[in-house]
Amino acid sequence: MADATALEALAREIAGCRRCALAAGRTYAVPGEGNPSAEIMFIGEGPGFNEDQTGRPFCGAAGQFLTQLIESIGLKRQDVYITNIVKSRPPGNRDPLPEEILACKPWLDRQLEIIKPKVIVTLGRFSMARFFPGATISRIHGQAEKCGAYTCFAMYHPAAALHQGSLRSVIEADMLKLPKILEDIRKSERPAAPAAQTEPAPAEAHSQLKLFGF
Ligand code: URA
């Protein structure tokens with residue numbers, strides 16, 4: 001059982017973070033939201049305009065598509081955990097800089113320690129680079145790979161479908177692979193069933209009867 005209180009305390013620390021220059025330009029930091037015991041954690045790039053205004057991840061157009069994708073596998077946003085590689089909005093939605101990603105890394109590390117998801121889904125290039133260094137999204141999207149204690153699964157960023165319509169069905173198809181990946185992990189973690197109780201062998205049965213004076 002993950003610790004909701006620890007996650008809330010961490011969110012307060014993130015809200016006051018001044019480890020990089022993004023702090024100066026943000027309205028709200030966007031720590032992340034969802035189930036503290038989530039089995040699936042989605043990691044995007046960084047807050048955009050809407051997220052900066054509300055303090056909530058993926059609440060704009062890309063977020064609507066992400067919500068649909070989550071619902072397509074029978075889950076709700078509240079069932080999973082959604083966060084970003086950087087917790088403050090890069091100005092004008094530019095790409096996060098390497099030093100910003102590095103400054104924000106301890107926050108994501110601590111979120112992972114608390115939530116301990118079974119599957120990390122990277123959304124887009126920047127979170128993919130953290131878990132699949134050197135990989136190319138067009139090659140590895142839709143494939144699960146073991147990364148230390150986690151299983152990682154790379155997907156295109158939902159916003160990519162808004163800019164390039166042909167990616168929509170690719171993203172939808174990748175998402176539909178998640179339930180089986182999760183079920184396979186759950187199965188592998190289940191303790192082995194106890195050996196079936198067998199009848200005692202005849203000789204053993206005989207000596208047991210003797211023990212009771214028959
Ligand atoms: N894009 C992201 O990567 N993250 C958000 O929270 C919103 C849009």
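This briefing walks through the sheet, the helices and a few individual residues of the structure above.

The model is predicted, so its local features need pLDDT of at least 70, side-chain atom pairs count only at pLDDT 80 or more, and totals for chains, interfaces and linings use all residues. Residues are numbered from 1 along each chain as its sequence is written, and side-chain values use heavy atoms, with hydrogens and water left out. The protein averages a pLDDT (the predictor's confidence in each residue, from 0 to 100) of 92, and 91% of the residues score at least 70. Over residues 204–214 the pLDDT is below 50, and beyond near neighbours in sequence this stretch has two contacts (heavy atoms within 4.5 Å) in the model.

- Six strands form an open sheet in the order 1-3-2-4-6-5, with mixed pairing.
- Strand 1 and strand 5 stand at the edges with a single partner strand each, so one side of each is left without a neighbour in the sheet.
- Two strands pair if DSSP finds at least two bridges between them.

- Strand 4 (residues 119–123) pairs with strand 6 in the parallel sense over five bridges, and Leu123 stands opposite Met155.
- Strand 5 (residues 144–147) pairs with strand 6 in the antiparallel sense over four bridges, and here Glu145 has Cys152 as its bridge partner.
- Strand 5 and strand 6 form a hairpin with two residues between them, and Gly148 in the turn has a positive phi of about 60 degrees.

**Strand 3 and its partners**

- Strand 3 has both faces covered: Tyr81 and Thr83 on one side, and Ile82 and Asn84 on the other, are all buried.
- Strand 1 (residues 33–34) runs antiparallel to strand 3 and is joined to it by two bridges; Gly34 has Tyr81 as its bridge partner.
- Strand 2 (residues 40–44) runs parallel to strand 3, with four bridges joining them; Phe42 has Ile82 as its bridge partner.

- Helix 5 lies across strand 2, strand 3, strand 4 and strand 6, running at about 170 degrees to strand 2.
- Axes are lines fitted to C-alpha atoms, for helices over the stretch in contact, and angles run from 0 to 180 degrees between N-to-C directions.
- Helix 1 (residues 4–15) and helix 5 (residues 98–115) pack at an angle of about 170 degrees, with their axes 10 Å apart.
- That makes helix 1 roughly antiparallel to helix 5 (angles under 35 degrees count as roughly parallel, over 145 as roughly antiparallel, 65 to 115 as roughly perpendicular and the rest as oblique).
- Ala6, Leu7, Leu10, Glu13 and Ile14 in helix 1 meet Trp107, Arg110, Gln111, Ile114 and Ile115 in helix 5.
- By class, this contact of helix 1 with helix 5 has seven nonpolar, one polar and two charged residues (Ala, Val, Leu, Ile, Met, Phe, Trp, Tyr, Cys and Pro count as nonpolar, Asp, Glu, Lys and Arg as charged, and the others, Gly among them, as polar).

**Residues to look up**

- Phe58 is found in the loop between helix 3 (49–54) and helix 4 (61–72). Its phi is near 45 degrees, a positive value in a residue other than glycine.
- Is Phe58 buried or exposed? Phe58 is buried, with a relative accessible area of 6%.
- Asn93 lies in the loop between strand 3 (81–84) and helix 5, and its phi near 60 degrees is also a positive value in a residue other than glycine. Asn93 is partly exposed, with a relative accessible area of 43%.
- Leu22 lies in helix 2 (residues 22–25) and is buried, with a relative accessible area of 3%.
- Leaving aside its neighbours within four places in sequence, Leu22 is in contact with residues including Val86, Pro90, Arg94 and Glu100.

How values were computed: Buried means under 20% relative accessible area, exposed over 50%, partly exposed in between (1.4 Å probe, protein chains only).
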